[in-house]
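Hello,

Here is the structure I said I would pass on. My notes on the sheet, the helix packing and the salt bridges follow it.

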Amino acid sequence: MLLRNATIATMVVGRPFGLIPNGAVSLEDGRIAWVGAEEDLPDALRELPQRDLGGRLVTPALIDCHTHVVHGGNRAAEFELRLRGASYEEVARAGGGIVSTVRATRAASEDDLVATALPRVDALIAEGLTTIEIKSGYGLDIDTELRMLRAARRIAAARPIRVRTSFLGAHAVPGDFDGNADDYIDQICIPALRAAHAEGLADAVDGFCEGIAFSPEQIERVFRSARELGLPPKLHAEQLSNLGGARLAARYGALSADHVEYTTEADAKAMADAGTVAVLLPGAFYTLRESRHPPVAAFRDHGVPMALATDCNPGSSPMTSLLLAMNMGCTLFRMTAEEALAGVTREAARALGLPDCGQIRAGLRADLAIWDVAQPAELAYRIGFNPLAERLFAGAS
């Protein structure tokens with residue numbers, strides 16, 4: 001197939017948005033075979049079946065590189081508590097927060113987890129998503145952590161999307177290990193990680209390095225186990241304070257450090273040297289009414305790639321819109337429109353360790369989004385409006 005008469009935001013580095021006006025893209029066997037200006041189209045490609053896109057914008061399909069879409073229950077009651085002034089930490093220490101979702105998730109069957117996650121996934125697909133990362137972390141026992149990861153794998157069979165899974169056993173200390181985080185790491189988290197790896201359920205390993213969760217030393221034990229298993233690490237780092245999580249992630253060559261509001265100039269340099277992506281999560285920043293912004297200028301200065309994601313979860317970011325995440329990245333964090341689009345395409349792919357998507361280049365997957373807009377900045381500019389015309393997953397709509 002040949003897609004022609006399009007404005008193409010390739011997101012290839014070199015010019016703004018990698019933009020090709022009056023462009024064309026040829027697709028073959030689910031891959032991009034050629035992309036460029038129509039005037040440069042090789043004669044052989046002119047014989048392909050053609051689709052005239054009427055000047056529409058074509059971008060790489062969107063990628064959500066940080067989600068918790070598989071979980072039980074919801075936390076609307078805690079939302080009301082926060083409206084009355086309770087902080088995220090106060091809610092968590094009172095038995096709410098992550099631990100309350102753990103209770104609901106442990107009570108849910110695998111079928112229940114799939115059924116309740118699919119509407120959230122469908123909302124993202126409707127905005128042009130083709131790849132999603134899904135974390136465990138609401139089981140905090142071996143059986144439920146594995147059940148969550150199996151449910152995540154089933155979503156890829158239920159919908160035309162790619163799913164990358166992250167084992168997040170080091171998400172919180174469950175009540176039965178209260179005050180014994182080290183025992184939890186040894187008796188539950190690491191054995192669950194090994195079981196997940198043996199079953200082929202984990203693509204990466206994540207953790208929550210924070211005062212209300214785990215110390216850098218405890219996370220490092222999980223990372224050492226991940227390294228033994230050949231699984232790449234990721235980390236929730238520096239969301240509420242700076243414990244050195246970003247530097248720990250960089251030291252282990254992590255794919256990404258996520259949240260990162262409290263990272264420093266030195267942290268940014270360490271991440272840049274390691275090639276670790278900063279995943280910015282404006283939904284959580286907004287929901288928790290935080291005031292400490294991630295150091296976007298420092299990330300720019302040091303060349304740290306910046307991704308954007310929904311952080312879709314039942315407590316701190318009940319958001320299922322990457323388009324809204326783009327707008328928030330611009331309005332709250334002062335990212336540019338180009339950085340925002342790169343953050344949900346090229347850099348999101350990098351944060352997941354996926355070299356075959358996130359840009360429009362020959363040889364990459366034909367995961368594309370076609371939009372009823374004139375210029376790429378419109379995707380981040382509008383609020384609550386979805387201009388998607390069509391989504392292509394490996395070349396198929």
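The 8 strands of an open sheet come in the order β6-β7-β8-β9-β10-β11-β12-β13 and pair in parallel. Strands and helices here are DSSP runs numbered from the N terminus, a strand being E over at least two residues and a helix H or I over at least four; two strands pair if DSSP finds at least two bridges between them. β6 (62–64) and β13 (306–308) are the edge strands with a single partner each, so one side of each has no neighbour in the sheet. From one strand to the next the twist averages 25 degrees. Angles are taken between N-to-C directions and run from 0 to 180 degrees, with axes fitted as lines to C-alpha atoms, for helices over the stretch in contact.

This is a predicted model, in which local features need pLDDT of at least 70 and side-chain atom pairs count only at pLDDT 80 or more, while totals for chains, interfaces and linings use all residues. Residues are numbered from 1 along each chain as its sequence is written, and side-chain values use heavy atoms, with hydrogens and water left out.

Within the sheet, β7 (residues 129–135) and β8 (residues 162–170) run parallel and are joined by 5 bridges. E133 stands opposite R164 in β8. Helix α5 (residues 142–158) packs on the sheet and touches β7 and β8, its direction making about 170 degrees with that of β8. Contact means heavy atoms within 4.5 Å.

α5 also packs against helix α4 (residues 110–125), at an angle of about 50 degrees and with the axes 9 Å apart. The two are therefore oblique to each other; the classes are roughly parallel under 35 degrees, roughly antiparallel over 145, roughly perpendicular from 65 to 115, and oblique for the rest. The crossing is right-handed, meaning that the near helix is turned clockwise from the far one by less than a right angle. Among the residues that meet are L113, V114 and L118 in α4 and M148, A151 and I155 in α5.

The contact includes I185, C189 and L193 from α6, and V222, A226 and L229 from α7.

The whole structure has 26 salt bridges, each a side-chain nitrogen of Lys or Arg within 4 Å of a carboxyl oxygen of Asp or Glu. One joins R4 and E38 at 3.1 Å, N to O. R4 is in β1 (residues 2–9) and E38 in the loop between β3 (31–37) and β4 (50–52), so the pair ties together parts 34 residues apart in sequence.

Regards
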